[in-house]
Amino acid sequence: MIDLANPTQIKALLARHGFHFSKALGQNFLVNPSVCPRMASQCGAEEAAGVLEIGPGIGVLTAELSRHAKKVVALELDSRLLPVLTETLADRPNVTVLQADAMEVDLAALLAREFDGPVAVCANLPYYITSPLLMRLLESHLPITAVTVMVQKEAATRICAAPGSRDGGAISLAVRYYAEPHVLFAVSAGSFLPSPKVDSSVIRLDLHAAPPVTVQDEALLFRVIKAAFAQRRKTLLNALSAGLGLPKAQISAALRAVGVAENLRGERLLLEDFAHLADALAAPSIEA
Ligand code: SAM
């Protein structure tokens, strides 16, 4: 049995398969033996119909997840890793590995085909797709209970920022619309082979049964949030006018209607404020 958290054994395994790491695919494999058991036990695998993993690499997290979940489906983009995974997961009958691009595959169809109920997602994410992949998982109205992922430490701080704090950005508000974010634990750069330049954190997003705010137009809410953060140094009035392509007088009237000062920065607003603002901008009664 290969110890999948032992760098010497991993190097021998990969050499036998003629595998070389791809930086472009974000291939930094976990070699700290305490991390995968913690992720697997905290991702909600037991309560879900199964676990969807993205980017299994050589299967170190996959093997751990298979001890907690009824079924694990792992999507790996790099076809060179499939023979490696066949070898390392040979004794895991509840694991299915599929070669797929997590950004392209039809996740709704895949989950419906592979699982008989809502799933937990757990992954050591390739960092080049962190934000778009998280938004894809959250926005697509998929049967997902929680998303537990390893991300760069700075991304974890931004995604899980307290409402109205300086660390926040458009992604923190977008995430809060769909889920309650938690930072679970920190992971040092030395926990990976090869070591990346930055430290990481494991976060868990517990998906809401219903959004915490209701708006007339969801797409407009996200456009308003994006515009408010696109030029962080600008006041809300200027950022929203530029980002939404609307006259300042109209923005000013909407801000007045919801009681938000026009010289504030977007980071000071809560999700509720953005929801009110989006509704005010959607309302035909707001005149310039
Ligand atoms: N889970 C393993 C671990 O913890 O050691 C590997 C994690 S490594 C950071 C990211 C993995 O995601 C790599 O195996 C990489 O090939 C895979 N990957 C990269 N882009 C992907 C994509 N678009 N869809 C699915 N897998 C992807």
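Predicted model: local features only at pLDDT ≥ 70, side-chain atom pairs only at ≥ 80, totals over all residues.
On the side of domain 1 that touches domain 2, the residues comprise six nonpolar, five polar and two charged.

The two parts under comparison are taken from the domain assignment of the protein, which places domain 1 at residues 7–207 and domain 2 at residues 218–286. A distance of 34 Å separates the C-alpha centres of domain 1 and domain 2. Contact between them involves 13 residues of domain 1 and 13 residues of domain 2. The area buried between domain 1 and domain 2 is about 1100 Å², and carbon and sulfur atoms account for 66% of this area. On the domain 1 side, 50% of the area buried against domain 2 is supplied by Gly164, Leu173 and Tyr177; no other three residues of domain 1 supply more.

The cysteines were examined next. The number of disulfides in the model comes to zero. For Cys36, which takes part in no disulfide, the nearest cysteine sulfur belongs to Cys122 and lies 8.3 Å away. Cys36 has a relative accessibility of 3% and therefore counts as buried, the cut-off for this class being under 20% relative accessible area. Cys43 is likewise in no disulfide. The cysteine sulfur nearest to that of Cys43 is again the one of Cys122, at 4.2 Å.

Note on methods. Residues numbered from 1 in each chain as written. Heavy atoms only, no water. Domains from an automatic or database assignment. Contact = heavy atoms within 4.5 Å. Buried area = accessible area lost by both parts, 1.4 Å probe. Nonpolar A, V, L, I, M, F, W, Y, C, P; charged D, E, K, R; others polar. Disulfide = S-S within 2.5 Å. Buried < 20%, exposed > 50% of the residue type's maximum accessible area, 1.4 Å probe, protein only.
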